[in-house]
Amino acid sequence: MTDSRPDLADLYRLATRLQQDREQPVSVLRERDRAVASGLAATAPLPRLLYWLDKVSASAGDAAADAVEHPLSAASLALLVRLLALLAGFVTMAGFLFGSERALVNVFLFLALFVLLQFALSLLAGAMMWRTVRGHVPMALPLHPARWIVQRSLPDRRTLREAQPVLRMLFLRYGQELGALFSVGAALAFLLVPALGEFSFVWGSTFNPGTGLVQRLTEILALPWSAWLPLATVPPEVVASSRFHPATAALDRSAIESMRGWWSFLWGCLLVYALLPRLLLWVLSRLFCRRLLVRSFLHYPGAEQVLARMQAPLVSTRARAEAGAAPVAQVDPAPLGFAVTDTRLLVVDYGGALGPGGPADFEELQALVPAQVLVVGTAGLPADLARLQALPVASSERLLLVVKAWEPPLAELRDLLEPLAGVPRCTVLLAPLPGKAIPHRKVEDWRSFVRSLPFASVDVQLLNRVQR
């Protein structure tokens, strides 16, 4: 496994594979996943899940299908977008310079467009990145955002809210890269275009800032390099001689030459305040984006069950060759547990969905004990609300909500879960009737309903009863 994985392609493949696995019996999935894990020595969850995805996808032929569906490779498209960003920066700077009246470039306008605006955008991106990294990471989005643009459609608003940290970090990553390339293109144009033509730099404003104020402003902006590169500063005589008013009819040759002393200072501002923050944020966004993708990959609904099946032993029965011999069962008493990666967990049984057997009747919940389960929905609403408000919501990271799959979702459940809104992630577990499969329409009804629940991340998973 390379350090660049998992990537977006792995995330989409995982979502597709887990969606297809919902149609398979649990016994078939258990046997397949345990057979896949038999040739793997890694014990960490990430390499195990990546290994499983590669093996299962290869056997199902997913890679060939993707190749037919996407004739234009993502690498070619990414290269084209990067070249366009570089060209956009070059053309914008060249157009700004050539569009200056009488080849006199306004210093204030240059700083506002190519330095201060870029620096402000970098500060905004940095603040959004900080908020994203500090927040909880919900499940990732299984659909590529570019497909919305191609299909001219928008996703469900709840889908965007659930996936916003991953989406936001992806957009920040690509935004900083494209912003840095834009600044590189602008810097190249600012290097080449003045060398091919005679441009001068002037300043002036209707607010009349004064020569002293402009001089102090240039000294503040030049602080990062003034000590070791004095040539990239603006001397006071250049500031004084480059003040310009539109009513000025002509400029002498010596004044024009002195006005060009602004070039090295503006070049330094362009590199330090426009390009350098973009590069730093791009490096940080790549690091944080990978962390978010890894966590979203491991926490994707259904991935935990895959890891649990890979680690659980197979139970098989075979007859001995000798006639009349009793069958030999290869049994491990360890049950197939619900592989919860969060350390703080709340388990709520709504309406007695688990039945009299409790968690032991369901394969995914056998690791739980009945004492961990809080039953609600059987008493009055005020009593249930009081019991839920007493739960340690602030220190909890995940809620497992078990409901009866054969009953329709009710608005009363939404009101009942309001005290638990502080839990960042909720998994709704659909419990089937004994010997009955859950109809597809029932699953879709619950998936539509859970999007209105007051949680940052909500997913729906199906439970399987233990075959006795």
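Author: Buried means under 20% relative accessible area, and partly exposed lies between that and 50%. The model discussed here is predicted.

Reader: Is Arg 13 buried or exposed?

Author: The relative accessible area of Arg 13 is 18%. Because the cut-off for burial is under 20%, Arg 13 counts as buried.

Reader: Which residue forms a salt bridge with Arg 13?

Author: Arg 13 belongs to helix 1 (residues 8-21), and its partner lies 41 residues apart from it, in helix 3 (residues 45-60). The pair thus links distant parts of the chain. The closest N and O atoms are 3.1 Å apart, and the partner is Asp 54.

Reader: What relative accessibility does Asp 54 have?

Author: Asp 54 counts as partly exposed, whereas Arg 13 is buried. The value for Asp 54 is 25%.

Reader: What is the N to O distance in the salt bridge of Arg 425 and Asp 459?

Author: Arg 425 lies in strand 8 (residues 425-431) and Asp 459 in strand 9 (residues 457-462), 34 residues apart. Both residues are buried. Their side chains meet in a salt bridge with an N to O distance of 3.6 Å.

Reader: Which helix holds both Arg 447 and Glu 444?

Author: The side chains of these two residues form a salt bridge at 3.0 Å, N to O. Glu 444 is partly exposed, with a relative accessible area of 30%. Arg 447 and Glu 444 are 3 residues apart, about one turn of the helix, and both lie in helix 17 (residues 440-450).

Reader: How many salt bridges does the structure hold?

Author: Some residues are linked in a network of salt bridges, namely Arg 17, Asp 21, Arg 32 and Asp 33. For the structure, the number of salt bridges is 9.

Methods
Residues are numbered from 1 along each chain as its sequence is written. This is a predicted model: local features need pLDDT of at least 70, side-chain atom pairs count only at pLDDT 80 or more; totals for chains, interfaces and linings use all residues. Side-chain values use heavy atoms; hydrogens and water are left out. A salt bridge is a side-chain nitrogen of Lys or Arg within 4 Å of a carboxyl oxygen of Asp or Glu. Helices (H or I, at least four residues) and strands (E, at least two) are DSSP runs, numbered from the N terminus. Buried means under 20% relative accessible area, exposed over 50%, partly exposed in between (1.4 Å probe, protein chains only).
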